[in-house]
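Hi everyone, thanks for coming along. I'd like to walk you through a structure, so let me put it up on the screen.

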Amino acid sequence: MIRLIALRELRSLYAMPSTWFVLAVLQFIFAWFFLARLEAFLEIQPQLAQLANPPGVTLTVAAPLFYTAALLLMMLVPMFTMRLIAEERRNQTLALLLSAPLSGRHIVLGKFAGLLGFLLVLIASLPLMIYSLALGTSLDHGLLLANCIGLLLLTASYVALGMYISALTTQPLIAAIGALAVLVGLWLADIGAAAADSPWHLLSPLHHFQSFNAGLLDSADVAYFVLFTASFLLLTMKRLHNNRVYG
Amino acid sequence: MRTHILGYIQLNLQLQPPLTLSNASPEITLSARNLSRRFGSRQVIHDVTLELKRGEVLGLLGHNGAGKSTTLQMLTGCLLPDSGAIDICGISLRQQPTLAKAYLGYLPETPPLYRELCVHDYLTFTARLRGVQSTAVPEALAQTLQRCGLDSVRQKIISTLSKGYQQRVGIAQAIIHNPAVIVLDEPTVGLDPTQIRDIRTLIRELGNAHSVILSTHLLNEVESVCDRVEIMQHGRLIYGDSSVRMQHYGQVSGFIISLRHPPALNELEAIPGVSRVEQLSPEQFRVFHAPDDNPGSLLLSMAAQQGWQLEQLTPLHTTLEDVFVKITSDETVKTGALK
């Protein structure tokens, strides 16, 4: 049932021209940024070579690329999550799911998996682009893997949060702006806190992504993302149940 | 062919209620007892009790805002009642919602359509969603498309269809899994007269094998489709009977007459057999009489003798509209008196 709902979500996404447009534009931005970083690396490579322990191509090209993608996704994910439940409610299609023989768990996990699957396709081009460099040089696979896992966890947490906000309202636009406000708010809390040990840093998903970005697989960060995602998924299920209680 | 047969068997196996044997009266597919529901401080549904048998079409009739849609939402599990219990094929909707909902087909007021999908994909999705095995889907799909007259538009995107076709797709999703109970909320809204006739025939046909409950404010729909009627007003069921008997509710005998030179009112009342006369306009009267004693011919001859110049004599017909208005206004008077 979860798979069925996820596939329906994907099918609807791919049936809309706007999805293809976003996909195309984003690939263009990623590719442009990748080439720009690569050019900068080639320019400073002779100077780097004189250093005792120079940063490799993965650290100078891949890490900034992944960080840019993380920032872009923060703006972009709310545009996709807004539809998840708010639009179902507005188009009255939620009744179809609520009267079908499945529980709120199926609906929420199905939608989550569907959108996450789509976003994975969207960000899959990043490692592919980096791996094209493997033709001419050797890459730091550990760093790349940490970045991929980090970006996956980060995206999952964005989707869970966006879906919860989408479940609170009937207007997709409000859901988008709400999710964007929360995500940007968390980000600002992170970059706004001056002290390095300020507890505000711990709130922000992007702060936890930074250690992945530097190639560090910290179980505390993994736990943060898992808890963040799971809590918002549970809250969404609760909200869907409340839909039956409060109408 | 073999896969088709297998698919059919699976479909049937799956839709057979597993608990019918233990159920005392297997005929009853849907029973709702003492449902009530409030939104905030406003009590919307008061103590509604309904029962539906297999092979029966029940019409839920009422004004706008009477609570019909809310009741249907509760019956389909989209809304939880504050109190009361609902059983579908003997399975409690509150305790085993997923199991009970497998026997339900529901068309809400606005058809729940994913407009960006094509009819074929959408109906395949709803069939799978309602628990039809993937091997049985093509068979169920073909049958439903044919039943709802959607064969010609199966590859079209739903948003490009006319409102009538969208409504049919909505009905198709409610019946594709061959449910025991079909709940339709105003199924013929937005259809043209031919489509309305087709859909009514379809509902009637469905009603022979399944149980159908439909809400409507169209009285002729009740007349042509429903076996039984429940009238709802202010969240209460105020009248329930077979639709044939409802038409006889409060039936009156009489006629409307127009006279160019009318006599005094008491002269008309004095005619033997006339029980009561109402003046509608200076020249028009409504004359009531006992059902078995028609003073029509006497009235005609008197009109000729006295030179009243009769222009019109029309027997009174009780339409369902009249009955409905009478029942609902009777109830208003009753509740008013209680207060």
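Let's start with B:Ile256, which is partly exposed because 15 other C-beta atoms lie within 10 Å. By that scale, a residue is buried with 20 or more other C-beta atoms within 10 Å of its own, exposed with 12 or fewer, and partly exposed in between, with C-beta atoms placed from the backbone. Before going on, a word on the model: it is predicted, local features need pLDDT of at least 70, side-chain atom pairs count only at pLDDT 80 or more, and totals for chains, interfaces and linings use all residues. Residues are numbered from 1 along each chain as its sequence is written, and chains are lettered from A and ligands numbered from 1 in the order in which they are written.

Back to B:Ile256, which sits in strand E11 (residues 253-259) of chain B. Helices (H or I, at least four residues) and strands (E, at least two) are DSSP runs, numbered from the N terminus. Setting aside neighbours within four places in sequence, B:Ile256 touches B:Gln284, B:Arg286, B:Thr314 and B:Leu316; contact here means C-beta atoms, placed from the backbone, within 7 Å. B:Glu51, by comparison, is 205 residues from B:Ile256 in sequence and 41 Å from it in space, C-alpha to C-alpha.

Now chain B as a whole. It has twelve helices and 14 strands, and 40% of its 339 residues are buried. The domain assignment, which is automatic or from a database, gives domain 1 (2-247) and domain 2 (253-315). Their C-alpha centres lie 49 Å apart.

What about the contact between the chains? It takes 25 residues from chain B and 19 residues from chain A. On the chain B side, helix H3 (97-101), strand E6 (104-107) and helix H4 (119-129) each supply at least two residues. H4(B) gives the most, with five residues. That side of chain B divides into 14 nonpolar, six polar and five charged residues. For those classes, Ala, Val, Leu, Ile, Met, Phe, Trp, Tyr, Cys and Pro count as nonpolar, Asp, Glu, Lys and Arg as charged, and the others, Gly among them, as polar.

Over to chain A, and helix H7 (residues 141-168). Its 28 residues reach 41 Å from first C-alpha to last, close to the 40 Å expected at 1.5 Å a residue, where the expected span is 1.5 Å times one less than the number of residues. Why is H7(A) largely enclosed by the rest of the structure? Because 21 of its 28 residues are buried. A:Leu152 belongs to this helix, yet counts as partly exposed, with 16 C-beta neighbours inside 10 Å.

Also in chain A, helix H3 (residues 57-90) packs against helix H8 (residues 172-192) at an angle of about 145 degrees, with axes 7 Å apart. Axes are lines fitted to C-alpha atoms, for helices over the stretch in contact, and angles run from 0 to 180 degrees between N-to-C directions. The residues of this contact divide into 15 nonpolar, one polar and three charged.

Most residues other than glycine have a negative phi. A:Gln92, not a glycine, has a positive phi of about 60 degrees, and B:Glu186 has one near 45 degrees. A:Gln92 is partly exposed, with 14 other C-beta atoms within 10 Å, whereas B:Glu186 is buried, with 21.

Technical notes: Contact = placed C-beta atoms within 7 Å.
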